Amino acid sequence: MYPLIFKPILKEVIWGGTDIRPFKGLAPGDEPVGESWELSHVEGNYSVVASGPLEGQTLDDLMTAYGALLTGKKVMQRFGRTFPLLIKFIDARDNLSIQVHPDDRLARKRHHSFGKTEMWYVVKTAPGAALYSGFRHPADAAEYVRRVEEGSLMEALRRYEVQPGDVFFLPAGRVHAIGAGCFIAEIQQTSDITYRIYDYDRRDANGNSRELHTGLAKDAIDYTFHSDYRTVYTPRPDEAVRLAACDYFTVNLLDLSRPVTRDFAALDSFVAYICMEGGLTLCDEQRNELTVHRGQTVLLPASVQSVTLTPAPTAKLLETFVE
């Protein structure tokens, strides 16, 4: 196998913006694009290989044909035939709904699915852009129900004005929302289960409000209070800086100005690179070479032992794998 790039799956939605197409170097389109699914094994949204001998095959085809050679033996033992991560870019022109995702236990019980733990890396922002993560003060299910009934839930949530480079880790159960003007890279478990709690009382062209799941959300919310829900890290040029580590993914930031070789011989996992700034040449130990530009995501199969990343002249990447 060789390093893989997949065709983006563009989601044209009413709340989407106009930044995803130019960010990824795609031709302009008439409809707003809210999301670009870069790497997906969600049923009905399988990523398709863009080039090379495997061009045209889906991620599902690859999972069937290659299994542990693609994901790693330990990953295959834990997650079976499901590729465990969904990677996407999100461009929010309007505020997205307040929502929460169930954990594995609840998602399995209710939906026969994985839960959804995720993280955000803020790529770019409009002036005043903000997002919501967690509660402003200690809260419980009773307060949640009361505030939903009163229409005052927003007052209880922690609002953060954000800048490029901000990071938020969102374990399943944390109430959150992306605000207008945020362009983010999102890494999450392979799950499309979302409980919408509040949608700003918006209605569609037919006067209908979106379905809410406030009752289902009550038991899915983790009411654990934290004084700060941001991820604090110190950037270090040309080194891997850890941003997140959990049972489902580990994410490093690489801000490169010189070539760097990454050794994965002992990892036993696939590795995904998301290029957020600049560009680079990527070359594995078998001399398979790719030119990667901003907005592209590369999947290194677990069979790849090492890779050299050569920025042109600089590149900023998220590096993701399962430990």
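For the residue classes used in these legends, Asp, Glu, Lys and Arg count as charged, Ala, Val, Leu, Ile, Met, Phe, Trp, Tyr, Cys and Pro as nonpolar, and the others, Gly among them, as polar. Keep in mind that this is a predicted model.

**View 1. The largest pocket, with 14 charged residues in its lining.** This pocket has a volume of about 750 Å³. Its lining takes in 32 residues, and Trp15, Leu96, Ser97, Arg196 and Arg210 are the ones nearest the centre. Strands giving two or more residues include β3 (33–39), β7 (85–92) and β9 (118–125), but β2 gives the most, with four. Besides the charged residues, the lining has nine nonpolar and nine polar ones.

**View 2. The second largest pocket, at about 180 Å³.** Look for His41, Val42, Glu43 and Tyr46 in the lining, along with others including Asp60, Arg81 and Asp192. By class, the count here is five polar, four charged and two nonpolar residues.

**View 3. The largest cavity, holding about 60 Å³ of space.** Its lining is made up of Gly134, Phe135, Pro171, Arg174, Val175, Asp222, Thr224, His226 and Tyr229. Four of these residues are nonpolar, three polar and two charged.

**View 4. Helix α5 (residues 104–111) and its buried side.** Asp104, Leu106 and Ala107 are the buried residues shown here. They sit on the same side of α5 because they cover an arc of only 165° around the axis. Among the elements covering them are β14 (182–189) and α7 (214–220). Arg105 and Lys109 are exposed, on the face turned away from the buried side. Just past the helix, His112 has a positive phi of about 55°.

Technical notes:
Residues numbered from 1 in each chain as written. Predicted model: local features only at pLDDT ≥ 70, side-chain atom pairs only at ≥ 80, totals over all residues. Heavy atoms only, no water. 1 Å grid on protein atoms, 1.4 Å probe; cavity = no way out; pocket = protein on both sides within 12 Å on 5 of 7 lines; lining within 4 Å. Points joined across faces, edges and corners; volume = space filled by probe spheres on them. Buried < 20%, exposed > 50% of the residue type's maximum accessible area, 1.4 Å probe, protein only. Arc of directions from axis to C-beta. Contact = heavy atoms within 4.5 Å.
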